[in-house]
Amino acid sequence: MDRFGEKVVCNPTTKLTKEKKCGFISMEMIKPGYKHVSGEAEVFNGQSGAKFSDGDVLMARITPCLENGKISRAKLPDDCKSGYGSTEFFVFRGMKGVTDTDYIYYLLNTDYMKHMAVNSMTGASGRQRADIGFIKRIKWPFPSYDKQIEISKVLNVYDDLIEKNLERIALLEHASEEIFREWFIRFRFPGHEREHFHDGIPTSWCIQRIEDFGRIETGKTPSMEIEQYYGDEIMFIKTPDMHGNTFVLNTEEMLSQLGSDSQPKKLLPARSIMVTCIGTGGVVALNADRAHTNQQINSIVLKDDRYLEWLFFSCKRLKPTIELFGATGTTMTNLSKGKFSRLKIITPSEDLIIRFHEEVNDILGRILILQKENQELIRQRDRLAKHLIYKDIVFEE
């Protein structure tokens, strides 16, 4: 048995140069189950945080992110070889000719390694962190380097399929947003040649408030003191669950039926439009199934489902407005339910909204299918990874 720290470079030294472009990855960018996390290019000005190179494994060290499986390989922009991110990351890298970084990623995602890391946590409740020293001392029978490569190649087949689906999703999202911009921003909608305009706006359009399109519901967190309120039956959506997702299919935290029943008026039907209004404002997503949200999110339960696609993209364009009207004098946005409800939107004719629904509904449907397909690929990959990595291993008492 080898100790983890003897075979893996833990928190390697990575130097960044001030005023030079590098990659940035925040904790909320990491989606559990997805191998790669894409960084954003920005200029480094000496900010604190974990430093890493392209391809390094990033692993959350803080609760509940670690328990929820926030582990990914950094995928930095083409012109960035190094990057930085959350102070709550551990960084791991394979040793040349000794350990394969892909294998390390799959190994860290096993229940055994996550369980060991969680057991090393210390600190105040709610802010506990794993101990890197403990992780370095974990004993593991690393197979030969060639065997590691062999295991990684098999599992990479699944991740390649997942990546291709993500590319398809991105193309579909771009296509639907481009139609929205063409019709409702550039005003080149079907029949625009016959439309009359006043001050650059079609005369048949009007101004309405968010509350005119449906019931506005602000989420609520069930009592954390009642353990029975939490389980695995109904999604409990928070801002990190929404990032990078058109549809939210699963969440880091789930409620039991009892927890849902404790606040029945807060239960959202599927395909409600959720908009973050506290903290990071203006993130928009749809829930694929019935769900609750926390109090940072205001949701729209539509009167007419045919307005879904148009209002979804309209809400995405409200981010600057939400940040402006939710400004608190700090970096945090805090837009109340009342202010959110009264936000104004330039509204096209109902016929045009319905026509947009007919044009885009199938595109969103394909996005949902691909997201579900990825969830199944992740489940299959993880089952196979467990078999390949645990095979022939006898755990020491």
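**Reading burial, helix, sheet and core**

User: What makes Leu352 count as buried in this predicted model?

Analyst: Happy to show you. Leu352 has a relative accessible area of 7%, and buried means under 20%, so Leu352 is called buried.

User: Which residues does Leu352 touch?

Analyst: Leaving aside residues up to four places away in sequence, Leu352 is in contact with Trp183, Phe184, Phe189, Pro190 and Trp205. Contact here asks for heavy atoms within 4.5 Å. As for Asp305, which is 47 residues away along the chain, its C-alpha lies 14 Å from that of Leu352.

User: Where is helix 11 kinked, and by how much?

Analyst: The kink is centred on Val360 and amounts to about 40°. That angle is taken between axes fitted to the seven residues ending there and the seven starting there.

User: Nice. Now the sheet: why are strands 18 and 22 said to stand at the edges?

Analyst: The open sheet has three strands in the order 18-16-22, with mixed pairing. Strand 18 (253-255) and strand 22 (291-293) each have a single partner strand, so one side of each is left without a neighbour in the sheet. From one strand to the next, the twist averages 65°.

User: What makes up the largest nonpolar core?

Analyst: This core has 41 residues, and those with the most contacts inside it include Ile210, Trp310 and Ile300. Two or more residues come from each of several elements, including helix 5 (145-184), strand 23 (297-302) and helix 8 (308-316). Helix 11 gives the largest share, nine residues. Another core, of 29 residues, lies apart from it, with Phe4, Tyr103, Phe142 and Ile389 among them.

User: Which residues does Ile300 touch?

Analyst: Not counting residues up to four places away in sequence, the partners of Ile300 are Ile210, Gly214, Arg215, Ile216, Ser272, Ile273, Leu311, Cys315 and Phe340.

Conventions: Residues are numbered from 1 along each chain as its sequence is written. This is a predicted model: local features need pLDDT of at least 70, side-chain atom pairs count only at pLDDT 80 or more; totals for chains, interfaces and linings use all residues. Side-chain values use heavy atoms; hydrogens and water are left out. Helices (H or I, at least four residues) and strands (E, at least two) are DSSP runs, numbered from the N terminus. Two strands pair if DSSP finds at least two bridges between them. Axes are lines fitted to C-alpha atoms, for helices over the stretch in contact, and angles run from 0 to 180 degrees between N-to-C directions. A nonpolar core is a set of buried Ala, Val, Leu, Ile, Met, Phe, Trp, Tyr and Cys residues joined through side-chain atoms within 4.5 Å. Buried means under 20% relative accessible area, exposed over 50%, partly exposed in between (1.4 Å probe, protein chains only).
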